[in-house]
Amino acid sequence: MNLNPVYIFFIIYITAIVIEAAYDHYHQKGLYDARDTMVNLLLGAMGVLLRIVTKGTWIALWIYLYRFAPFQLPETIWSWVLLFFCNEFIYYWFHRFSHQNRWLWAVHVNHHSSEKMNFSNAARVPFLNVALHNLFWIPLLFIGFNPMMIFTMETIGFLFAFFQHTQLIGRLPVFELIFNAPSHHRVHHASNPEYINKNYGNVLIIFDRLFGTFKEEDRKINTRFGLQKSLDSYNFFTVIFHEWVAMYKNRKAANSNS
C-alpha cells in the first residue's frame, strides 16, 4: 500500500505531540495547556482545510501565469537545489515583512499568541497565510520554475518547520550553524526584548546571519513566549482577529481626534 507522504507526516507529528505531552505530564514541565493546545489544533485543522479547498484554484492560476515566464527551467537535480535556496530566500523576506508590516502582522500574529512552546504550537498557523504564501511565491514562476515544483518545495519547508517548535531539543552546535534549529526558533517566538524580531528563517538560518537578524539562544535569559502584551484569551475568533480589531480601534480613534 502506497501512503501519501503528507499522511505519514501527520502520523509522525501527532505521535510527537503525544510523546511530548506525556513527557510533560510525567515531569510536570508546564509545556502544555489543554485549552491552548485545542486552539492550536483547531487553527491547524482550519489551515489545512483552507489549503486543500483553495489548492486547485491557486494551481490553476499559477499554471496560467507560468505561460508568461520568459523561459522554463528543466526539472533536474540542480533546478531543485536552486529552487530550495530561492524558496528559503522568499520565505525569509516574507516572514520578516510579516513582522514589520502591521497588515501582514495582523495575519501572522496568531502564530505568536501562544505563551507555550511545544509541537502542537506549530499547528497554530496564520489562518489567512495560504493566500499570502501563494502571492509572494509567484515571482518564482517567472524565474522559470514549474508550478508543481514550487508547491512541492514550499510544502516541504512548511512541514519541516513543525519540528522547530519544542523545548525538549537543546542546542545542536553543528546543525544550527546552517539550519534553523529549535533553539533558534525558540528565540523567534520569545517576547524578551533581546529576542524580538530575530531568526526569520524557515529550513535555513543563513539568511538571518547574512542580513543581521540572527540571535543565538542565551541560557542566561529566562525565555518568555507569546506576545509582549499577553492576549489572555483562548477564544478562537479573538486569537485570529484581535489585531484587526486593534487596528480598527486605532483608526477610529485617530479619525475622531482629527
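What is the handedness of the crossing of α2 and α5? The crossing is right-handed, a term used where the near helix is turned clockwise from the far one by less than a right angle, anticlockwise being left-handed.

1. Basis of the note. The model is predicted, and local features need pLDDT of at least 70, side-chain atom pairs count only at pLDDT 80 or more, and totals for chains, interfaces and linings use all residues. Residues are numbered from 1 along each chain as its sequence is written, and side-chain values use heavy atoms, with hydrogens and water left out.

2. Helices α2 and α5. Helices are DSSP runs (H or I, at least four residues), numbered from the N terminus. The axes of α2 and α5 come within 10 Å and cross at roughly 20 degrees; axes are lines fitted to C-alpha atoms over the stretch in contact, with angles from 0 to 180 degrees between N-to-C directions. That makes α2 roughly parallel to α5, the word for angles under 35 degrees. Leu50, Arg51, Thr54, Trp58 and Trp62 of α2 meet Val130, Ala131, Asn134 and Leu135 of α5, contact being heavy atoms within 4.5 Å. These residues divide into six nonpolar, two polar and one charged. Ala, Val, Leu, Ile, Met, Phe, Trp, Tyr, Cys and Pro count as nonpolar, Asp, Glu, Lys and Arg as charged, and the others, Gly among them, as polar.

3. Helices α3 and α5. The axes of α3 and α5 come within 11 Å and cross at roughly 130 degrees. On the α3 side the contact involves Ile90, Tyr91, Phe94 and Phe97, and on the α5 side Asn129, Leu132, His133 and Phe136. By class, this contact has six nonpolar, two polar and no charged residues.

4. The largest cavity. Three cavities of 30 Å³ or more are found in a search of the whole structure. A cavity is a set of points, on a 1 Å grid over the protein atoms alone, where a 1.4 Å probe fits but cannot get out, and lining residues have an atom within 4 Å of a point. The largest cavity holds about 420 Å³ of space, a volume being the space filled by probe spheres set on the points, which are joined across faces, edges and corners. Its lining has 28 residues, with Val125, Pro126, Asn129, His133 and Phe158 closest to the centre. At least two lining residues come from each of α2 (34–66), α3 (77–100), α5 (129–136), α7 (147–160) and α8 (182–189), and α2 gives the largest share, five residues. The classes are 13 nonpolar, 14 polar and one charged.

5. The largest pocket. A pocket is an open set of points with protein on both sides within 12 Å along at least five of seven lines. The largest pocket has a volume of about 910 Å³. Of its 28 lining residues, Val6, Val48, Arg51, Ile52 and Leu159 lie nearest its centre. Helices α1 (5–27), α2, α5 and α7 each supply at least two residues of this lining, which comprises 18 nonpolar, seven polar and three charged residues.

6. The second largest pocket. This pocket has a volume of about 400 Å³. Its lining has 20 residues, and Trp105, Val109, Leu227, Gln228 and Lys229 are the closest to its centre. Helix α10 (236–257) and helix α8 each supply at least two lining residues, with the largest share, three residues, coming from α10. By class, the lining has eight nonpolar, ten polar and two charged residues.

Technical notes: Angles under 35 degrees count as roughly parallel, over 145 as roughly antiparallel, 65 to 115 as roughly perpendicular and the rest as oblique.
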